[in-house]
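Here are a few exercises to work through with the viewer open. Try each one yourself before you read the solution.

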Amino acid sequence: MTVARVNINPDVLMWAIEYSQRGLEAFSEKFPKLTKWLEKSERPTVKQLEDMAKFAYVPFGYLMLSEKPDIPIRKISDFRTLQNQGFIASDEYSAALRDTINIVRSRQEWLIDYKKDKDYAPVAFIGSIDRNMSDDDIVNHINKVLEIPTNWRTKISSRANALRFFVDILESKGIVIFINGVVGNDTHRPLSVSEFRGFALADKMAPVIFINGADAIAARIFTLFHEVVHLFLGQDGLDDRTEPFCNRIAAKLLVPEDLFDKGWQKYAHDFEQLEKFFKVSQLVLFRAALTYNKIDEKEYARLVKLYESTHKRISMTGSGGDFYNVAPYRVGRGFCRYVNEAINSGALTYTEAYNLLGVKGKTFAEVMRRAKEG
């Protein structure tokens, strides 16, 4: 039986290798005949080319092109990173982050078009603050817009519940939130917390926040509010001077100064007791203590380093746990509701919806059901 072989452009294969960021050595080990394919002394089979496309994280059809594909990546200038010691502003993302950005942007672009077609009103508070305003005015404005109850601490028993509580509030205000610790639904491609903890994509029709679900739940809450401040500024690509500002406002939103002073008088430097008192993580309290001049930068950095070295990162949306429990957060609960609405109105086919969410059939139906139930 003759095996069907495929004519390919070696330049396209080299592009796929470079795009994957896995390196030529990894491909040579995985595909022993790669050198012959590149030299055109042999041709790959369809199955070999399919396997290579999967290994390179690219669609199979790309490897059949006669010329290298031109895939522009709309850059995000920076991200909140580990310990917030600066942030990414480079021309190179990891393949995992790059593909995550592409997934999130494609969903956002679809949602922008859908909401415009359906005459949705813009999300009015995007870009509604600026750094010339006082901190108090900014905090009061954000609290007023988001309608966060002042007594929320008395109603929440855990940080995981606090995260869900805040996600519910933000989604009700028109912000789409994705929490994922892997690329799409591929548990073999984890996201790196050392590269980024989260990012925001500001748009008045479809503002988006992405939280790295490989991070600890404690850290995700602060990242969520940090990115909220970015959206209120109306910016997703910022400079070094803005990051301390977003951190400061996020800390003040989660831990108001007057309340912190009361707690500090009773539990000064005892962050375990302060954590119980405020129902937020010690990471947030370290930042609040720095913001309110209870500790200095050196002490803050020491506390963060110690905390992160002794606490495991338990992921709600990473590779572990029940797929159906984490999937609605991976694909965005609020986003799923727009997709469901579009299907019911005939604006989106099931095939298009499967492609948007990366799940199909019975899995798609179950994910949508759980997203609806929250």
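Before you start: this is a predicted model, where local features need pLDDT of at least 70, side-chain atom pairs count only at pLDDT 80 or more, and totals for chains, interfaces and linings use all residues. Residues are numbered from 1 along each chain as its sequence is written, and side-chain values use heavy atoms, with hydrogens and water left out.

**Exercise 1. List what leucine 224 is in contact with, leaving aside neighbours within four places in sequence.**

Step 1. Contact means heavy atoms within 4.5 Å.

Step 2. With that cut-off you get Leu163, Phe166, Val167, Leu170, Ile177, Ile209 and Ile211.

**Exercise 2. Work out which backbone oxygens lie by the side chain of arginine 220.**

Step 1. Arginine 220 sits in helix 8 and is buried, yet has no salt bridge. That term asks for a side-chain nitrogen of Lys or Arg within 4 Å of a carboxyl oxygen of Asp or Glu.

Step 2. The nearest side chain of opposite charge belongs to aspartate 215, 6.4 Å away.

Step 3. Now check the backbone: the oxygen of aspartate 215 lies 2.9 Å from a polar atom of the arginine 220 side chain, and the oxygen of glycine 213 lies 3.2 Å from one.

**Exercise 3. Say where glutamine 21 and lysine 40 sit, and whether each is exposed or partly exposed.**

Step 1. Glutamine 21 is in the loop between helix 1 (10-20) and helix 2 (24-30). Its phi is near 65°, positive in a residue other than glycine, and its relative accessible area of 37% makes it partly exposed.

Step 2. Lysine 40 is in the loop between helix 3 (34-39) and helix 4 (46-56). It has a positive phi of about 65° although it is not a glycine, and at 59% relative accessibility it counts as exposed.

Key. Helices (H or I, at least four residues) and strands (E, at least two) are DSSP runs, numbered from the N terminus. Buried means under 20% relative accessible area, exposed over 50%, partly exposed in between (1.4 Å probe, protein chains only). Lys and Arg count as positive and Asp and Glu as negative; His and the chain ends are not counted. A polar contact is a pair of N or O atoms within 3.5 Å; within protein, one must be able to donate a hydrogen and the other to accept it, and residues adjacent in sequence count only if both atoms are side-chain atoms.
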